[in-house]
Amino acid sequence: MSSAVLVGSSDSPTTAAQKAAALPAMPTLQTSLSSTVHKADPNLRQVAHIADKIRERVAEQRTFFSFEYFPPKTPSGVENLYDRIDRMSRLEPLFCDMTWGAGGSTSELSLDLSGNIQKYLGLDCMMHLTCTNMPAGKVREGLDGAKARGIRNILALRGDPPAGQEWVQCEDGFAHAVDLVRFIRAEYGDYFCICVAGYPEGHPAGSLAGAITYEEEMDHLEEKVAAGADLIITQMFYDVDIFLQFVRDCRKRGMEVPILPGILPIQNYAGFKRMTGFCKTQVPPSVVEALEPIRDDDAAVKEYGIKLATDMCRRILDSGLSPGIHFYSLNLEKSVMAVVDELGLVPQTQSIRSLPWRPATLDKRRTEDVRPIFWANRPKSYLERTSAWDDFPNGRWGDNRSPAFGDISNHHLVGSGGLATADARAAMRELYGPIGSEQDVVEVFVRFFKGTLKRLPWVEASELANETVAISSPLLWLNRNGLLTINSQPRVNAAPSTDMSVGWGGPGGFVYQKAYVEFFASPEMTDALFKAAERFPSLTLYAAKANSKELRTNSKTPGANAVTWGVFPEREIIQPTIVDPYSFRVWKAEAFNLWLSHWADLYEAEDASKGVLHNIHDTYWLINVVDNDFVGGDIWRIFSDVIPSTCGATKTLTRNE
């Protein structure tokens with residue numbers, strides 16, 4: 001007979017000592033939390049403070065990197081920056097930061113950019129905050145605004161005065177950055193992680209100007225750390241030896257917070273001279289000698305800048321004195337991305353996604369891990385429409401009927417391709433071209449799946465996802481035959497979680513997917529598909545029309561159906577995407593609305609294109625099909641059976657054409 005003790009059975013121990021012997025020891029809270037973080041998200045989105053993220057990466061012995069951006073001056077510049085950050089975020093930087101204009105001149109834009117990056121793009125954003133020429137009330141407004149937007153990290157700076165003004169301390173303002181650090185800690189406790197600036201070569205207005213000594217400057221930095229700063233990011237430099245000595249000097253003084261080097265790859269000669277002159281940066285003779293012969297060749301200067309930055313980063317990382325690199329991007333991506341690539345900081349042969357969709361970094365969403373699949377190609381819209389929810393699904397979708405979805409939004413971050421300006425609308429109208437018939441609509445979809453059209457109204461990204469590329473041939477076949485597809489995924493049975501196309505969740509796991517396809521179809525095609533579905537018991541279909549409450553389905557027990565899940569060591573099964581009839585009703589309203597708001601409305605009222613698109617909106621069905629046989633199913637067979645019978649005398653393209 002087994003000697004195992006069943007806790008709670010009649011044979012379970014009754015004394016405290018017996019219970020202690022029968023049950024495993026509970027790990028300490030710190031260990032338990034750290035373990036949960038590692039397992040829950042390999043990209044540490046559940047960790048709000050950047051200093052804590054850095055500690056996790058150091059414990060894992062993983063090098064990290066981050067990017068700095070600044071607020072653009074024009075609306076089109078803002079849209080372009082969002083697109084750029086969206087692309088750069090796929091490399092999974094540990095965080096990014098956003099600058100704050102002199103004297104608070106870009107305060108609202110800095111707040112909005114930082115908040116939207118966290119809400120829509122899934123990166124923790126550290127917002128700069130300066131106190132020059134700003135009363136305490138204005139500083140408090142900035143901090144309250146940051147807190148309201150879910151920003152948890154602040155770079156506290158004295159800053160420069162606005163152009164043409166002298167530095168003055170406001171009557172109730174702050175004289176130095178340390179005063180700002182003390183204010184944040186006193187008023188907001190530990191809500192914010194506070195970063196401060198370090199100056200390896202000396203501050204341009206301090207020791208470099210002869211106002212104070214280097215040692216006095218280090219005294220000020222030590223004072224900022226003692227006041228509550230959690231990490232240090234340095235001013236840009238080009239002499240690595242000076243940076244390394246700076247870190248050693250900090251450590252000798254007992255400053256144990258992380259110190260990140262600020263690296264600015266040289267983009268062009270004129271910009272390099274301007275920046276180094278403004279910051280009074282010491283430029284090694286070897287750099288001057290290398291630049292002079294190529295100063296008028298922008299391409300050669302940029303190439304040299306990438307090589308120099310790469311070499312600098314290697315020396316710093318090899319020294320063991322800094323765990324990561326902070327890049328000053330100047331809102332440009334090619335040079336910093338090239339340096340990251342040269343350093344091998346991003347795996348080239350394995351997936352680094354946390355989930356199939358990009359999680360947000362707002363506190364209430366940090367543990368969210370389940371979403372309906374319908375918004376897979378419009379994730380920003382989903383984030384916007386669920387932003388008022390108090391709780392988010394974690395582990396299981398559960399009862400999703402209690403939180404209401406918000407209204408459909410045309411926010412510039414939500415619109416496919418960004419339709420906020422007349423120029424953007426004109427550009428999209430030209431891309432789609434005149435629509436004289438439904439066949440012209442078919443051709444637009446075909447162009448998208450061939451890669452000659454960058455966007456459709458139902459797709460926020462400007463390129464096909466890797467897993468969509470894997471099934472692009474059958475999708476192209478469907479579209480050529482009038483089934484206008486807007487979402488899909490292939491069948492996957494135990495692919496490694498590091499697979500470049502379908503992997504997610506970190507190494508060591510296996511991922512699974514049920515084949516899924518969603519499309520608009522004519523009434524005749526819809527009827528034929530539901531009739532044919534009687535011969536395909538592994539398929540579940542849902543269909544809905546724009547102006548009808550009817551939800552058509554062949555499911556005998558309609559409910560949430562997991563279509564993606566993953567199995568990982570020492571973790572519960574994760575099922576991050578589901579098909580759910582209630583959510584489908586919500587989604588279908590948005591999907592049909594896009595025919596009008598993002599396509600038909602591009603044309604003038606008398607344009608025939610408008611009528612064709614309105615007719616599709618009014619008569620077509622939106623259908624989704626799930627093949628529940630993820631082991632050996634073939635979701636395309638039903639379409640092979642149906643397409644010939646619904647295309648009449650017209651030529652029907654086969655899946656192999």
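User: Why is threonine 386 called buried?

Analyst: Threonine 386 has a relative accessibility of 0%, and because buried means under 20% relative accessible area, exposed over 50% and partly exposed in between (1.4 Å probe, protein chains only), threonine 386 counts as buried. The model is predicted, so local features need pLDDT of at least 70 and side-chain atom pairs count only at pLDDT 80 or more, while totals for chains, interfaces and linings use all residues. Residues are numbered from 1 along each chain as its sequence is written, and side-chain values use heavy atoms, with hydrogens and water left out.

User: Where does threonine 386 lie, and which residues is threonine 386 in contact with, leaving aside its neighbours within four places in sequence?

Analyst: Threonine 386 sits in the loop between α14 (379-385) and α15 (422-432), and, sequence neighbours within four places aside, its contacts (heavy atoms within 4.5 Å) are Arg365, Phe392 and Phe405.

User: What makes leucine 330 partly exposed?

Analyst: The relative accessible area of leucine 330 is 34%, so leucine 330 is partly exposed. Leucine 330 belongs to the loop between β8 (324-328) and α13 (334-343).

User: Why is α7 called roughly parallel to α8?

Analyst: Helix α7 (residues 177-188) and helix α8 (residues 214-227) pack at about 5°, with axes 9 Å apart. Because angles under 35 degrees count as roughly parallel, over 145 as roughly antiparallel, 65 to 115 as roughly perpendicular and the rest as oblique, α7 is roughly parallel to α8.

Methods
Helices (H or I, at least four residues) and strands (E, at least two) are DSSP runs, numbered from the N terminus. Axes are lines fitted to C-alpha atoms, for helices over the stretch in contact, and angles run from 0 to 180 degrees between N-to-C directions.
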